Amino acid sequence: MSRWTPRTGLRWKLSAAIAAVGALVALVLSLVVHNAARSSMLGNSRDVQNERVLAAQRIYESLGRLPFGAEIDDPRLPAPLAEAVARGERATYVVEEPGQALDVWAATPLPDGQALSLHTRFTDRYAVLADLDRVLVLGSASVVLGGTVLGVLIGGQLSRRLRQAAVAAGRVAQGETRVRVREAIGGRVRDETDDLARAVDRMADALQQRLEAERRVTADIAHELRTPVTGLVTAAELLPPGRPTELVRDRAQALRTLVEDVLEVARLDGAAERAELQEVALAEFVARRVRTPEPEVELTVRRDAVVTTDPRRLERILGNLLANAARHGRPPIEVTVDGRRLRVRDHGPGFPPALLAEGPSRFRTGSTDRAGRGHGLGLTIAAGQARVLGARLTFRNAEPSGAMAVLWLPDAPPDAPRP
């Protein structure tokens with residue numbers, strides 16, 4: 001059982017990465033700024049209190065009164081500050097309570113051994129720090145939001161280019177040799193996507209050249225064999241009657257059919273074939289052609305349709321599908337016309353898994369249940385002729401048994417503009 005893996009677009013991955021980095025940077029900078037501002041505020045508050053306690057001491061020693069709310073031997077004096085005064089030191093002490101302004105103490109020893117102290121709650125500095133924290137929070141949120149938007153824009157552009165490249169590469173894989181990935185993605189700025197597109201284009205060009213070379217070799221060999229095979233068939237007709245003669249004629253005719261099929265495949269692979277279009281009443285067309293080669297074919301017309309297609313190529317497709325069903329399947333063979341859809345089904349072992357997964361391939365007849373007769377060219381030719389018609393030919397296995405081929409004829413003729 002395959003494990004389900006969530007699929008996330010590159011746009012959102014890039015946006016999340018930029019947002020995470022922006023949030024981390026904003027958090028670190030906010031902490032640095034907050035701590036620096038707090039340290040500066042504490043140092044400034046201590047300096048102010050230290051100057052005020054010195055001024056209070058001078059005023060008290062000269063005038064005998066206590067300014068700035070100073071106290072002598074204040075019982076609320078914090079213990080660390082009292083210990084410093086007892087040692088004859090002037091000191092400051094900060095009391096911090098959550099959610100409240102700073103309470104800064106300062107104390108100095110007097111000549112008579114008493115302690116002069118004062119404390120002030122710096123609400124203005126606490127308000128400044130609170131305002132700074134709010135600004136830092138808003139700034140961090142703005143950085144994260146801006147980074148996310150930037151990530152969406154950049155990631156969206158990159159993701160769009162990659163999707164266009166994937167679509168173009170898929171069209172190349174389907175046989176559209178004129179498609180170029182670099183042209184499909186567009187854009188003026190060169191990046192890694194362009195390098196990937198150019199690499200895919202070079203690979204497609206090399207593959208196309210190799211396929212074209214193989215097609216030419218195949219076509220040349222088949223063409224060169226055509227004349228001697230025709231002579232062989234003619235010579236076989238001149239042999240005296242008998243069982244050996246029948247075998248020679250049968251094999252010579254099979255060889256001639258193989259050569260013609262190989263030539264047809266080569267022409268279809270060249271993508272130069274064009275359909276000669278006519279209007280065809282599909283039900284009547286199919287009825288005339290299925291009765292001739294296979295009198296036992298069961299024809300069902302659910303819905304008739306008039307299609308614009310090439311009758312010769314459509315007849316070739318239908319003939320190959322019927323021949324494949326008769327050779328590899330078992331009766332009854334059912335042909336169904338349903339509008340523009342034409343279905344051919346037999347009741348044999350069905351198509352092999354390789355054909356269902358990869359489509360028909362030349363010189364491959366599939367599993368042992370459907371092998372031993374033929375060269376695997378019939379379905380290949382049918383699929384190639386369907387492409388020329390702009391049709392879609394699909395293969396699947398029916399329940400409980402049997403192979404089913406379905407031909408979907410297009411609404412518009414091939415190469416015609418679609419609305």
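In this predicted model, helix 8 passes helix 10 in a left-handed crossing. Helix 8 covers residues 311–328 and helix 10 covers residues 378–389, and their axes come within 9 Å and cross at roughly 155°. An angle over 145 degrees counts as roughly antiparallel, so helix 8 and helix 10 are roughly antiparallel to each other.

Now for the residues that do the touching. On the helix 8 side they are Arg313, Leu314, Arg316, Ile317, Asn320, Leu321 and Asn324. Their partners in helix 10 are Gly378, Leu379, Ile381, Ala382, Gln385, Ala386, Val388 and Leu389.

Elsewhere, the count of aromatic pairs comes to one. Its rings belong to Phe351 and Phe395, with centres 5.4 Å apart and planes at 85°. Planes over 60 degrees apart count as edge-to-face, so that is the label this pair gets.

An unreviewed UniProt entry places the feature "transmembrane region" at residues 12–33 and 135–154. In the model, residues 12–33 are 100% helix and 0% strand, and the end C-alpha atoms lie 31 Å apart. Residues 135–154 are likewise 100% helix and 0% strand, with 28 Å between the end C-alpha atoms.

Methods: Residues numbered from 1 in each chain as written. Predicted model: local features only at pLDDT ≥ 70, side-chain atom pairs only at ≥ 80, totals over all residues. Heavy atoms only, no water. Axes fitted to C-alpha atoms, helices over the stretch in contact; angles between N-to-C directions. Helix = DSSP H or I, 4+ residues; strand = E, 2+ residues; numbered from the N terminus. Parallel < 35°, antiparallel > 145°, perpendicular 65-115°, else oblique. Left-handed = near helix turned anticlockwise from the far one by under 90°. Contact = heavy atoms within 4.5 Å. UniProt positions renumbered as here; feature names shortened; annotations may be inferred. Phe/Tyr/Trp six-rings, centres within 6.5 Å; stacked < 30°, edge-to-face > 60°.
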